[in-house]
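Good morning, colleagues. I would like to take you through some side-chain packing in one model, and I ask you to keep the structure in view.

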Amino acid sequence: MAKTKTTFFCQNCGAQHAKWQGQCNACKEWNTLVEEVIDTKPEKTWKPASSAAPKRISKPQRINDIKIGKEIRIPTSNQEFNRVLGGGIVPGSITLLGGEPGVGKSTLLLQLSLSFSQKVLYVSGEESQQQIKMRAERIQNEESNCYILSETKTQLIFTQIEALEPEILIIDSIQTLHTDYVESSPGSVSQIRECTAELIKYAKETNVPIILIGHINKEGSIAGPKVLEHMVDTVLQFEGDKNYAYRILRAHKNRFGSTHELGIYEMQAGGLVEVSNPSDLLISKTDTHLSGTAIAATLEGMRPMMIEIQALVSSAVYGTPQRSATGYNLKRLNMVLAVLEKRAGFRLGAKDVFLNITGGISIDDPAIDLAVVAAILSSSEDVSISKDICFAAEVGLAGEIRPVTRVEQRVMEAEKLGFASILISKQSKLPRSDYKINVIRVAKIEDVVDTLF
Ligand SMILES: [Zn+2]
C-alpha cells in the first residue's frame, strides 16, 4: 500500500509548510494553512503516445549560433485579444485568464474557440456539452472546428486529447480539474498546482497552446495559489462592473509581450463586441460647445482611463460663496481656487464653485488637478474646451504645473483613445518623442490659459 504524505499549503499564496502554524511565513496571512494529501507515485502526468513523440527536442547551443527566427504566433480573429497578448497566441504557451465569476470569461473564450480555423478542444468542468452548445448558438451559428468536452479528470482529458490531437486547448476552469495523483479536493492548492503542472508538461512537449480560465476571489487575486501565476507564461485579467456593459482585458504578466496593452469589450446579447473607440463608453456624449468640462487622463489601479470633470462657476447669490466637490477632495478644490486667485489673478473669491466627476466615481489621483483647473477656468470664462484635449498634471501651490507618475501610460492611453492633444508638465519625462498625439508641455497656469483660451 502506498504511504500517503501530507503537507500544509497556504490557501492564499500557495506556500508549502511542513507543519501547521497560525501564520503563513510567506504572505503573513493568518489561518490560511490547510493540510492536503500529496501522493508520491512516480509514474504520472501527461505521457505522449509512442506515435506522438515530442516535437521539440532541446539541446545546448552556443549563444552565437542561436538564430532568432520570426516569432510564430497564432493570430486570433479578435483584435483586442491579439493586442493584449502581443500579437497572438504563442505555440506551446500557457495563458491564464482570470476574472470574477460572471464577468464573461467563458463567453470570451468560447467566442475565440469558435472563430479559430485550427482544431480547438474546449474542455469544460463547469457546464455540460448541451449548455455550451446553447451558448455557442447565441454567439455564432457558422461552421466551426471547435470540439467540446465535459470532463474534470485530467487523465481522462489526456486520453481524449491523444485521440483528437487538438491544435489549441481551452480549459474552463482550472479550479474544476482534478488528477488521480493528488487526493485533495478540486480547487485546493495541491490539485491546482498538480493539474497545471500536467498541462504545462503537455503544452511544452506538443507545442499546443493552452488557455486556462481561473476564477478570482474577493481580494482580486486568482483563487488558490499565487503559485499558479508563477507557473504560467501569461496572466490575463478580465474585469468589468455589472452596472456597466464594458469589460476590460489586461495582461498582468506576459512572457511574450508588454503588459501595458488594454483590450476593451462591450457585453451584448450576442456576446462580447470589441470596442474600437472606448471613450464613447467612458466619456459622456454632450454638446461639444458646453463650457466647464475638461477630460483628465487618470489611472485607476494599473488601468489608465479618461474621466470627465465638470465645473460650474457662478456669482454667489448669498453672502458666503459655496464650494462643493463630488468625487474630488474639497480641500484640494479650495487649494486650487486659492492658487488661481493668487498666482493667476482670477477673481474667484466671490463665486460659487461646484465640481463634479461624472459617472459617480471618486478619484484620488493628483494628476487630475490640471483638468480641474481647466474646467473651472472654462466655466468662469464661459469658453468651452475642445473634447480632443485631455490633461495629466498636478498643480502646485506656486501655480507651477508638476509632473505625475507613469505619464507615458497616460499619454499612450490618450493616443489610443484618439485624443488630438494632451497637456502635461514641462518637467515630465517621456521615453520617446514620436507620439501621434500632440504633447503640449506647460510650466505654469498662464501657459495653460494661453494654450486653451
Ligand atoms: Zn501564504
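**Aromatic pairs and a helix contact**

Let me begin with Phe158, which counts as buried at 5% relative accessibility; buried means under 20% relative accessible area, with a 1.4 Å probe and protein chains only. The model is predicted, so local features need pLDDT of at least 70 and side-chain atom pairs count only at pLDDT 80 or more, while totals for chains, interfaces and linings use all residues. Residues are numbered from 1 along each chain as its sequence is written, and side-chain values use heavy atoms, leaving out hydrogens and water.

Tyr202 is also buried, its relative accessible area being 2%. How many aromatic pairs are there? The count is 2, where rings of Phe, Tyr and Trp (its six-membered ring) pair if their centres lie within 6.5 Å, and planes under 30 degrees apart are stacked, over 60 edge-to-face and the rest tilted. Phe158 and Tyr202 form a tilted pair, because their ring centres are 5.7 Å apart and their planes stand at 50 degrees. Phe158 belongs to helix α4 (residues 154–164) and Tyr202 to helix α5 (residues 189–206), so that distant parts of the chain, 44 residues apart, are linked; helices here are DSSP runs (H or I, at least four residues) and strands likewise (E, at least two), numbered from the N terminus.

The rings of Phe238 and Tyr265 have centres 6.0 Å apart and planes at 75 degrees, so this pair is edge-to-face. Phe238 sits in strand β9 (residues 234–240) and Tyr265 in strand β11 (residues 262–268), so parts 27 residues apart in sequence are tied together. Both Phe238 and Tyr265 are buried.

Definitions and conventions
Buried means under 20% relative accessible area, exposed over 50%, partly exposed in between (1.4 Å probe, protein chains only).
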